[in-house]
Amino acid sequence: MHKKLAVVILNWNGKSWLEKFLPSVVRFSQKSDIYVIDNLSTDDSIYFLMNYFPEVKIIKNDKNYGFAGGYNEGLKHIDNEIYCLLNSDVEVTENWAEPVLELLEKNPEIAAVQPKILSHDKKNYFEFAGAAGGLIDNLGYPYCRGRIFDDTEEDRGQYNDEAEIFWASGCCLFIRSKDFWEQRGFDERFFAHQEEIDLCWRLINSGKKIYYTGKSEVFHVGGGTLNKQSAKKTFLNMRNNLVMLLKNLPFPNLVAVLFSRLCLDGLAAIYFGYKYGISHFWAVGRAHFAFYTLIPGTWKRRQKHQKHQFYQSKWLIFKHFLK
């Protein structure tokens, strides 16, 4: 079963992360194929891999395609049945892949799975990017079991289950290659951030299921490429979330949700500007204008069928910040 799996790490100038975390991947994934897709790094990542990890296969992209495009380009050269898309700043644990592979083996309707994602710095707390499985509210705000906006829970065993979720985190995403390519991979226009939510939403619309298993756990640093205080990250998250909603929302919900979100984003711009600086205020405005330019292409990418009941919680932003 392991030989079906390719553990695939996307790298861009991340030698320091590879030095720190690749040893755990190699140690605990010896029965699987391990790949590094390099997005035309300018550091000596390739030299480091060739000299210290000859067992790791290297795929060289001809430019930096970002997270979404980088994986799409690199995965064209990998023919394993299951991919594990793994961030370079993730530490894996012993037998981390087994519970996920068993879940996929027993349930052909499941397209993607994520393990429990804990913080590398505070190992008894969930990590922002995925925690115990991704969900979404009726206004399209992504959140997780174990994490709402910036607030994370302590891991007390409350999510040691296996459960159906709405989206699996791209920091450690197991996905069947057949399902990945049937959806034409990630939407490369996203560049980075929320492309995995868009992909999972498309999979659900096509009748597939997304799952979480608490029987496997990994530790994620987070912010290895763009930290939370990056204005570029604010821009990408805001723009990509709007694109994702236009692309995947059931039509009866579409106008009301988009109008609400555009208004709430205005309040978010003021909040971000106060908390992080004026560059974040402008990032929200730039995200909106970028979204408007992408509307024609996004409309063409809408699937024929959208799930009418797509959310797991209502009015999350009001419950969290006002109450």
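Analyst: In classing lining residues, Asp, Glu, Lys and Arg count as charged, Gly is among the polar ones, and Phe is among the nonpolar ones. The model shown here is predicted.

User: Which residues line the second largest pocket, and how do the residues of that lining divide?

Analyst: Its lining consists of Glu182, Gln183, Arg184, Gly185, Phe186, Asp187, Arg202, Lys247, Arg301 and Gln303. Six of the lining residues are charged, three are polar and one is nonpolar. The space in the second largest pocket is about 240 Å³.

User: How are helix H6 and helix H7 oriented to each other?

Analyst: Angles under 35 degrees count as roughly parallel. The axes of H6 (residues 195–205) and H7 (residues 231–248) cross at roughly 10° and come within 10 Å; the two helices are therefore roughly parallel to each other. Ile197, Asp198, Trp201, Arg202 and Asn205 of H6 make the contact with Met244, Leu245, Lys247 and Asn248 of H7. The contact residues comprise four nonpolar, two polar and three charged. Arg202 and Lys247 also belong to the lining of the second largest pocket.

User: How is a pair of aromatic rings described?

Analyst: The description uses the distance of the centres and the angle of the planes. The count here comes to 20 aromatic pairs. For Phe126 and Tyr159, the ring centres lie 5.5 Å apart and the planes stand at 70°, so the pair is edge-to-face. This pair links distant parts of the chain, 33 residues apart: Phe126 is in the loop between strands S6 and S7, and Tyr159 in the loop between strands S10 and S11.

Technical notes: Residues are numbered from 1 along each chain as its sequence is written. This is a predicted model: local features need pLDDT of at least 70, side-chain atom pairs count only at pLDDT 80 or more; totals for chains, interfaces and linings use all residues. Side-chain values use heavy atoms; hydrogens and water are left out. Axes are lines fitted to C-alpha atoms, for helices over the stretch in contact, and angles run from 0 to 180 degrees between N-to-C directions. Helices (H or I, at least four residues) and strands (E, at least two) are DSSP runs, numbered from the N terminus. Angles under 35 degrees count as roughly parallel, over 145 as roughly antiparallel, 65 to 115 as roughly perpendicular and the rest as oblique. Contact means heavy atoms within 4.5 Å. On a 1 Å grid over the protein atoms alone, a cavity is a set of points where a 1.4 Å probe fits but cannot get out, and a pocket is an open set with protein on both sides within 12 Å along at least five of seven lines; lining residues have an atom within 4 Å of a point. Grid points are joined across faces, edges and corners, and a volume is the space filled by probe spheres set on the points. Rings of Phe, Tyr and Trp (its six-membered ring) pair if their centres lie within 6.5 Å; planes under 30 degrees apart count as stacked, over 60 as edge-to-face and the rest as tilted.
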